[in-house]
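Okay, thanks for coming, everyone. Let me put the structure up, and then I'll walk you through it.

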Amino acid sequence: MTVLEEPVNDVAADTAESARSEAVPHVDFDTGPERYRHWRFTVDGPTAWVYLDVAEDGGIVPGYELKLNSYDLGVDIELYDLTQRLRFEHPQVRSVVLTSGKDTNFCAGANIRMLAGSSHPWKVNFCKFTNETRNGIEDMTDAGQTWIAALNGTAAGGGYEMALACDRILLVDDRSSAVSLPEVPLLGVLPGTGGLTRVIDKRRVRKDRADVFATRSEGFGGRKAVEWKLVDEAVPRREWDRVVAERAAEAAGASTRPADAQGISLPPLQRTEADGALTYDHVRVTLDREARTATVVVAVPEMTDDPAALHDQGAAHPLLAIVRELDDAILRLRTNELEIGTWLLLTEGSTEHALAADRLLAGHQDDWLVAETTRYLRRVLKRLDVTSRSLIALIEPGSCFAGPFLELALACDRQYMLEGTFEEDEDATLPSGAAAEEPAVVVVTDAQFGTFPMGNGLTRLGSRFYGDDGEGGALETIRARRGEELTGGDADDLGLVTDAPDDIDWTDEIRILLEERASLSPDALTGMEANHRFVGPETMETRIFGRLTAWQNWIFIRPNASGPEGALRKYGTGRKADFDQKRV
Amino acid sequence: MTSARPKIDFDAKIPNNVDLAGDRKLQRALERWQPNFLDWWADMGPAVDTKDVYLRTAVDVGRDGWAHFDHVPMNEYRWGVFLSEHDPDRRIAFGEHKGEPVWQEVPGEYRADLQRLIVIQGDTEPASVEQQRFLGATAPSLYDMRNLFQVNVEEGRHLWAMVYLLHAYFGRAGREEADQLLARNSGSDDSPRILGAFNEETPDWLSFFMFTYFTDRDGKYQLGTLKESGFDPLSRTCEFMLKEEAHHMFVGTTGIDRVVRRTAELMADHDTEEVAGAGGIPLTMIQKYINFHYTVSLDLFGNESSTNAANYFTAGLKGRWQEERREDDHQLTDDAGHVDAYKDGQVTHNEVPALLALNQDLRHEYINDCRTGLKRWNRILAKAGIDAELTLPHVGFNRQVGAFAGAHITPEGRVIPESEWMAQKDQWLPTEVDKTHVRSLMHPVLEPGKIAGWIAPPSTGINDKPVDYEYVHFH
Ligand SMILES: [Fe+2]
Ligand SMILES: [Fe+2]
């Protein structure tokens, strides 16, 4: 991601950085088409036309101007909202044309002054969110809303990476517009939101050509770009509108989406916030700043397994509401609460309710809204998978880790389940606050066997028991017990939980665990957890979140990029970066 | 927890001041552990079959509860759990948490370190019982046999004290460690005790007295530093254990007193230093035993410069000996200290940050304490008109751990080549001949008031009972 833009003023960048590291801006993910500052879209039959038209003075934090259609987190938050609206509010859309609202260029990528002036966590969070949105766009294409990048001008860095997330890339052939990844030659960093990876993995560009391309700041346009598979078509100006419309119509024609689908609306989330604690209709987050933990309780109310109820209630349907609330809570905690290093995940409600949600999802995948809700939950679970926090599921009496909700626990680094109930009053302090007399149970369903794959293409159970999938293996044993109410002892025996202490041990075990966790290096934990969560095969997604991101984040903190003499800081000053020449 | 096992009447069976009867967690842990402990005691405890023994049982932490004597069958001994009095105002006296209230729960951050410290201490307690298991069969008197068993049951109680901490504060992991304390055994090939010195059998009574003088004294210093701990239950446990440990050292000190006195008598009677023929233990042999037990115990203090000890100190887990009486900032972040070193064939010192010199600091406190015994024994010799002295060897002599490991240093502190060491070491350390001689003297004397010929009788009995009291009954 990144860009060609005007000179960086060193002093301004320094000031911006110091100001920013003192006060992390509070980021809000609420938006909607009527509030967009950087995007427009129109829906014309089966095709949505999406225009990137960045307001220069619309940066999410002060200190830079978003010139040349360059973007920052605020621009991407709107893009994410836009994808959600297309999914839920405009389900009849079958193709999406992504283009620029400016005459001169498509997009110059992530704003360089924003990057140069940002703290490390801000850059990392920004890239992660951007990556997730790009993956969401690919997910939409798979779901019959095919994205086509119509590059009506130069797409540089992050601009080209946005195009790479689309199914098809058209580039206007005007003898000057080009696609490029200038990060390495100009900025000393990587095209880190999937660029390097997608060029070779998705577009299958030969590695030597990818090398040439990624070190050539001006990139390639026209026929050469097509020949090297960097774009699909180079279209002359005079044919541009016609060809783009044709391609959009072709993509729409290939989709199996129901033409008569009636969208549901996504009204703003109802949320109250006090000192970081978030309370939604179904999800509650409380913070213990001293212990640096967040307790996330997902309360699952009664619901039916009838898809008609989902259509009737729309965003107010408990399942969809929970998924939206969870998504928002994860994004907010991740971006705004950097020092809350451990999240405790709990559920609350009847197992029966959770299983109704399971039946709703499992039985009606041919219903577009059910399918879309499933995909949404899948992405939210993936957000948890790549969240750089210690995730711990506490499975207590009164919880409902069943079917889709069991995935929440399985996404965690560890799972603790109370065996039996709390016998004595003094111990009966459920973080969920629920009173419960029956022992906790978990229920495995088909939801654990393919509905919610992780980025590595495996299910969470498949990752947990990687390689143990043969006859008589753990996965088969668990599969045979689908639908059963499994107690702490059962779950422990089956390997579904880390430990199942009884009430005598519970309080101490959990307290010590959390205190011990809080004393470990946050960086080492992040690295360790990310490695443990993704076992087995690599996919383009894991390579982006793993390999590419890890390299990028390393480069970000190296003086050659972010030091006072580094390329990121020197770009546009007219002076050259002064590199430490040692290769490490 | 429901179980078919008969419930244990806790307060009756286990004297305690930790509200055992009201603590489900402890009860559950002990219900499983206590039978295992009794099995261990039967398998690994004193091998001599007795009817009952005149033992002291701690039934409370106060003065009265401390003086409870009676003849009890050994396997019915009531091992108790005691913490010294609670001081609600106690604060951490050192390290980075200095001044903060002490912890009543294990801070998760220090769980692993605290558990390790307790396990290592706990491992030594039953180890010495195992090491001394066969000694009862050769006791020089009923009085001595009784003292041995008193030490043994108290070491058993010290194990209980450490197990109490593991059970009460360390959850499941603590219970597993408590089980391991019984599963490891002194001298076992498969699962030996953690510290090397505790895997040597105590083969004879001279070794026993040396052990209780020198090695139990190491225990005293370790407990003394743990008594300073910011983890209050550990501190209170160790404070109470120190009182019992003092008795063990009394057994060692007076035991060696009596050996020295007897040797002096025999030297006077026969007008020779060679009292072996007269059924005594020559002074040169006593000196060799001192040399050995002292240096093995020095090794228990670990490396001269230790980052572990520094970390424990900074974290507030383990202080210095008499931490609160010391006049410094109790944090030592900017101070320097000296540690013994061995460089280029020279005994020398290194200057290191004071935090790294804590093991050396403790070892030196210990060495000074050991000197008092030597003074005592030399006074006995002087009174008997014998012109010879027992001495403590140089700190670098016969060391296997720390700066002097691998160096060849005489008891006087002279560095010598290995060949010279090999040629002379039999003059300094017990040889097979020496050990065989000492063992040859070990015959049981079971008649009340009678005493073996190699040792003088005690000057007083136990708890105002006469020396010829029947301290042990047999079937
Ligand atoms: Fe002891
Ligand atoms: Fe002792």
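So, starting with charges: across all chains the count comes to 81 salt bridges, where a salt bridge is a side-chain nitrogen of Lys or Arg within 4 Å of a carboxyl oxygen of Asp or Glu. Before I go on, the housekeeping: this is a predicted model, so local features need pLDDT of at least 70 and side-chain atom pairs count only at pLDDT 80 or more, while totals for chains, interfaces and linings use all residues. Residues are numbered from 1 along each chain as its sequence is written, chains are lettered from A and ligands numbered from 1 in the order in which they are written, and side-chain values use heavy atoms, with hydrogens and water left out.

Here's one of those salt bridges. R247(A) pairs with E233(A), and the closest N and O atoms are 2.5 Å apart. R247(A) sits in helix α10 (residues 240-254) of chain A and E233(A) in strand β9 (residues 233-236) of chain A, so the pair ties together parts that are 14 residues apart in sequence. Helices and strands here are DSSP runs, H or I of at least four residues for helices and E of at least two for strands, numbered from the N terminus.

Next, the domains of chain A. There's domain 1 (10-255) and domain 2 (272-533), with bounds that come from an automatic or database domain assignment. Taken over C-alpha atoms, their centres are 33 Å apart. How many residues of domain 1 of chain A are in contact with domain 2 of chain A? It's 21, and they meet 21 residues of domain 2 of chain A, contact meaning heavy atoms within 4.5 Å.

The two domains of chain A bury about 1900 Å² between them, 53% of it on carbon and sulfur atoms. Buried area is the accessible area (1.4 Å probe) that two parts lose on being put together, summed over both. On the domain 1 side of chain A, F29(A), F88(A) and E132(A) lose the most area, together 28% of what that side buries.

What about charges between these two domains? The count is six salt bridges. The side chains of R332(A) and D28(A) also meet in a salt bridge, at 2.1 Å from N to O.

On the side of domain 1 of chain A that touches domain 2 of chain A, α2 (73-88) and α4 (120-142) of chain A each supply at least two residues. The largest share, seven residues, comes from α4(A). That side divides into eleven nonpolar, four polar and six charged residues. For those classes, Ala, Val, Leu, Ile, Met, Phe, Trp, Tyr, Cys and Pro count as nonpolar, Asp, Glu, Lys and Arg as charged, and the others, Gly among them, as polar.

Now the interface of chain A and chain B. The contact takes 17 residues from chain A and 18 residues from chain B, and the two chains bury about 1500 Å², 37% of it on carbon and sulfur atoms. The rule finds eight salt bridges across this interface. D508(A) and K25(B) meet in a salt bridge through their side chains, at 2.6 Å from N to O. The side of chain A that touches chain B has four nonpolar residues, one polar and twelve charged.

Last stop, a sheet in chain A. Three strands form an open sheet in the order β4-β6-β8 (chain A), with parallel pairing; strands pair if DSSP finds at least two bridges between them. At the edges are β4 (105-107) and β8 (179-180) of chain A, each pairing on one side only. In β6(A), A155(A) is the bridge partner of C107(A).
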